Amino acid sequence: MFITFEGIEGCGKSTQIKLLAKVLQQEGYRLLLTREPGGCPIADKIRSLLLDADNSSMLGTTELMLYAAARAQHVSEVIRPALDDGTVVLCDRFSDATRAYQSFARGIDRQRIEALNDMACEGVYPFLTILIDCEVETGLGRARQRIESATGPREERFELESLAFHQRVRNGYLQLAAEEPERFLIIDGSDNVDNVFKNILAAVIPRLRAVC
Ligand code: TMP
């Protein structure tokens, strides 16, 4: 059972995925909570390169290949072994992020993205993807607040992109959801944390119970 969370910066997915992990653990599911880019030591190092605002000259192609490299390592080392073991895997971003950011927003040809995603994922595909959707202005406002109050390295290379870039990401996600309505669940992320979580639980628990 592989569930991914997606959405624009500041949509609230990282808060919501942690809340869901807690409830599923309480329900007795064996659970792994992980994220991309990252999730294992090599992919975490690639994450630092990708999100460092000093790397503003990074080519779109370099960026794409680094995301794919991090994903290949993460899938092989962490996600596939957990799924093979019957663990429910919750992942904060996965292959749809590459479609939304590198294809819809950066403009890299979709077929290239699909080829690299296929290579990195080797057949691992989300069963359910929760897309937390909100206005770009709302999400970016929250993301900037989070960055200002965080300690440690400023992972803000994407937050510094234009409003138009983030609008293309949002539209891209909505298009991906329209392409695969069975897999995607769109949740309105503009409401408060508790209400968003209630909506997620109401949709996810029955789906989980139906299959495991
Ligand atoms: P995070 O803020 O959710 O940790 O994600 C890090 C950033 O990486 C976010 O701005 C989205 C971006 N990203 C991509 O551009 N492509 C990808 O494939 C992934 C996984 C993330």
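**Close-up views of the predicted model**

**View 1. R93 lies in the loop that runs between β3 (88-92) and α4.** Helices (H or I, at least four residues) and strands (E, at least two) are DSSP runs, numbered from the N terminus. The model is predicted, so local features need pLDDT of at least 70 and side-chain atom pairs count only at pLDDT 80 or more, while totals for chains, interfaces and linings use all residues. Residues are numbered from 1 along each chain as its sequence is written, and side-chain values use heavy atoms, with hydrogens and water left out. R93 is not a glycine, yet its phi is positive, at about 75°. Most residues other than glycine have a negative phi, and most peptide bonds are trans.

**View 2. A cis peptide bond links E36 to P37.** Its omega is about -10°. P37 belongs to the loop between β2 and α2.

**View 3. The ligand is surrounded by 14 residues.** The closest are E9, K13, Y67, R93 and T98. By class, the shell holds 6 nonpolar, 2 polar and 6 charged residues. Here Ala, Val, Leu, Ile, Met, Phe, Trp, Tyr, Cys and Pro count as nonpolar, Asp, Glu, Lys and Arg as charged, and the others, Gly among them, as polar. With 4 residues, α4 gives the largest share of the shell.

**View 4. The ligand takes up the space of the largest pocket.** On a 1 Å grid over the protein atoms alone, a pocket is an open set of points with protein on both sides within 12 Å along at least five of seven lines; a cavity is a set where a 1.4 Å probe fits but cannot get out; lining residues have an atom within 4 Å of a point. A molecule sits in a pocket if more than half of its atoms lie within 2 Å of its grid points. The largest pocket holds about 970 Å³ of space. A volume is the space filled by probe spheres set on the points, which are joined across faces, edges and corners. Its lining has 39 residues, and K13, S14, R47, R146 and E155 lie nearest the centre. The largest share, 5 residues, comes from α1.

**View 5. There is 1 cavity of 30 Å³ or more.** The largest cavity has a volume of about 30 Å³. Its lining is made up of G7, I8, L131, I132, D133, C134, R170, Y173 and L174. Two or more of these residues come from each of β4 (128-133) and α7 (163-179). The lining divides into 6 nonpolar, 1 polar and 2 charged residues.

Definitions and conventions. Near = heavy atom within 4 Å.
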